[in-house]
Amino acid sequence: MKTNKILNISNDLRWQIGEGFHDKLTEGIYSDAAQIAQNSVQKKGQQKRFRFDRNLDKIVTSKIWGFPIMIFILSFVLWLTIIGANYPSGLLSELLLNTIQPWLKTSAESLGINLWVSGFLFDGVYLALAWVIAVMLPPMAIFFPLFTLLEDFGYLPRVAFNLDHLFKKSGAHGKQALTMSMGFGCNAAGVIATRIIDSPRERLIAIITNNFSLCNGRWPTQILIASIFIGALVPAGFAGALSAFAVISIALLGISFTFLVSLFLSKTLLKGEVSSFTLELPPYRPPRFWKTIYTSLIDRTLIVLWRACVFAAPAGAVIWLISNVTIGDATVANWLIVHLDGFGFLLGLNGVILLAYIVAIPANEIVIPTILMLTVMSASIAGVGEGNGVMFEIESATATGEILKAGGWTMLTAINLMLFSLLHNPCSTTIYTIYKETKSVKWTVVASILPLILGFIVTFIVAQVWRIIF
Amino acid sequence: MQKVTKSACDSCEHHNALGLKKLGINIENNDYVVALAGNPNTGKSTVFNALTGLKQHTGNWPGKTVTRAEGGYSYSDKKYKLVDLPGTYSLLSTSQDEEVARNFILFGKPDVTLIVVDASRLERNLNLVLQILEITNKAVLCLNLMDEAKRMDIEIDERTLARDLGIPVVPTSARSKEGIPELIKTIHQVATGELKCKPHRIKNIPKHINNAVEKLSSEIEKEYPTIPNSRWIALRLLDGDERIIEAVKTGEFITE
């Protein structure tokens, strides 16, 4: 065989050369590069811009200011999102739910379409879609461009730099800070981004813990519940700030869980050395404002929205069906809610929320619409809602709050819903992505079940402590 | 050999720049394959978008592109397929993104490898350039982010650089589309063989190592005369690279 001959010669030569081949080669490349660069590069004068970058880096990556600045920037982005999304959300729901939906229903009636068919289509599928668009589009259209502007400016690698030593202490790779940041946009994207991590051990840690980054599907849930229950505790002027603070706390809690679980994994299932890496802090570049706005709207917002719609349509159909098909004298939904209620109570939640999470496994985005619809149906609140399985319109956050309170919600329910929304299984897309990336059923199951178990434990403890105190 | 067009219009750069057709993801029946390689955060994706008209998301942080993205354009009646590889600092280690880049340049046999470098950080970027030039004979250096280099008062003598590296060098500022027509033309010239490259080979290695490399490389060439990158394979074999040893065993790199 020719190939064996080559390999044999190569082996002989390797013995002759001895150790240090790799280092000698690398040294050779470096000195060649230095020579060539010296021949053709001329640096004139002082590098003002570089000095500016350096000074800015000294502040944003400083031991004292790094974290406060990071938290401040994230809070500011969230605050803008919360404040800014309210108005367009109202407009959209007015249009999609108060104008178009009744028109669809009456048209169907005048055309003599079967009540079951029109209910299925317009009270199930259409309303789910309309809800997802009204609830999700405005916050995404604000949050993503802002996040992308930060990204283009070059802030993300600085975040990674700040968090690096924490990751190292957790036995994980510093680049996990980047994949975690990606996870704040979308967990599936974050999981794919872990390919930049070289060691399989550290990559698995990054994949399993990515779910602790609140993804865009869960931001709206957090923001809505925080505005309704927590913002309502203070006068209207401070409501936005307090809600933003609550959401930030949940996001930071998620980051703490990332560290804790990374540490746990690197001490138990995934033992090993921490590998070092170089992180290049890129120059700050002024983002091209309009182009960024445009691409983040097209690339992220619409793609994520489309995905949400694809999952919401069948989910809407399922919701309508389980609320209208009966077993004995109760609907399927009612039956499930009653059976889940006991377990829900232990967790400080209720059967409605658990059922909503089961229905919403395909996409986290539709949890809130599902909860509202199921709450109205099971609590049979007079005067709101249009019938079983109809995801009705709600003009304002206050009205949503009234319905939830009438459905037996307390502050504990709200807080635990926020916690559970952070700590539960990843959405189906992410689970599938994890499987594709790890090619292992075992790790996919671990990554899916681990956050759920944590969620059960945390909400259980919070519920018990809360009930003892209050 | 490709017949080189001679009419005044055809050789005019302006005409040819207009002759560019961005084909987006329509990349069937391409005549040439161009690999796009470079360090992270040098604007590869921006160059990719400028050439193909696609809108792949670009971001100011290293490691954004982790998979291969493909797109196409046509120029002077030839169709080009452009493959955007993940940014890497080196081809000598074995993380997944580096392997994607290296395997494509080595086994994918692109007709031209377009190496994008950050003009303001040339020296650091050259490490990867020199490694790529060990693998392939047909390469173009895209000296990107010239606007940034200018702001930092860095001047680069492209001619000297081109002479030292033995490949054509095109300065660009892909963000503002500056230099893109020249880049397209140069890629075309290298792809058609109108421009011949004489890539730099790593010089500063100790003599006994160089002898070993040359011996092994000539041995490989003796067995497989058509192979273009025997020296790189020799380097990797001597470094004990499992993937390359595997490739030698299966004969992967000689499939024509």
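Lys177(B) lies in the loop between S8 and helix H8 (180-192) of chain B, where helices (H or I, at least four residues) and strands (E, at least two) are DSSP runs numbered from the N terminus. The phi angle of Lys177(B) is near 65°, a positive value in a residue other than glycine, and with a relative accessibility of 46% Lys177(B) counts as partly exposed; buried denotes under 20% relative accessible area, exposed over 50%, and partly exposed the range in between (1.4 Å probe, protein chains only). A positive phi near 65° is also found at Asp77(B), again a residue other than glycine, which is placed in the loop between strand S3 (69-75) and strand S4 (78-84) of chain B and, at 79% relative accessibility, counts as exposed.

The structure is a predicted model, in which local features require pLDDT of at least 70 and side-chain atom pairs count only at pLDDT 80 or more, while totals for chains, interfaces and linings use all residues. Residues are numbered from 1 along each chain as its sequence is written, chains are lettered from A and ligands numbered from 1 in the order in which they are written, and side-chain values use heavy atoms, with hydrogens and water left out. For chain B the mean pLDDT (the predictor's confidence in each residue, from 0 to 100) is 80, and 81% of its residues reach 70 or more. Over residues 1-6 of chain B pLDDT stays under 50, and the model has 6 contacts (heavy atoms within 4.5 Å) beyond four places in sequence for this segment. Where pLDDT is low, the predicted coordinates should not be read in detail.

Strand S6 (residues 139-144) of chain B is largely enclosed by the rest of the structure, because 6 of its 6 residues are buried. In a regular strand the side chains alternate between the two faces of the sheet. In S6(B), Ala139(B), Leu141(B) and Leu143(B) are buried on one side, and Val140(B), Cys142(B) and Asn144(B) are buried on the other. Strand S5 (residues 112-118) of chain B runs parallel to S6(B) and is joined to it by 6 bridges, pairing being assigned if DSSP finds at least two bridges between two strands; Val117(B) stands opposite Leu143(B). Between S5(B) and S6(B) the chain passes through helix H5 (residues 122-135) of chain B in a right-handed β-α-β crossover, the path from the first strand over the helix to the second running clockwise with the strands pointing away from the viewer. S6(B) also pairs in the parallel sense with strand S8 (residues 169-171) of chain B over 3 bridges, with Leu141(B) opposite Val169(B).

The predictor gives the complex an ipTM of 0.81 and a pTM of 0.66. The contact involves 66 residues from chain B and 59 residues from chain A. About 6200 Å² is buried between the two chains, 60% of it on carbon and sulfur atoms, as the accessible area (1.4 Å probe) lost on putting the two parts together, summed over both. Across this interface 0 salt bridges are found, a salt bridge being a side-chain nitrogen of Lys or Arg within 4 Å of a carboxyl oxygen of Asp or Glu.

Over all chains the structure holds 10 salt bridges. One of them joins Arg102(B) and Asp241(B) (2.6 Å, N to O). Arg102(B) is buried at 1% relative accessibility, as is Asp241(B) at 5%. Arg102(B), Arg236(B), Asp239(B) and Asp241(B) are linked in a network of salt bridges.
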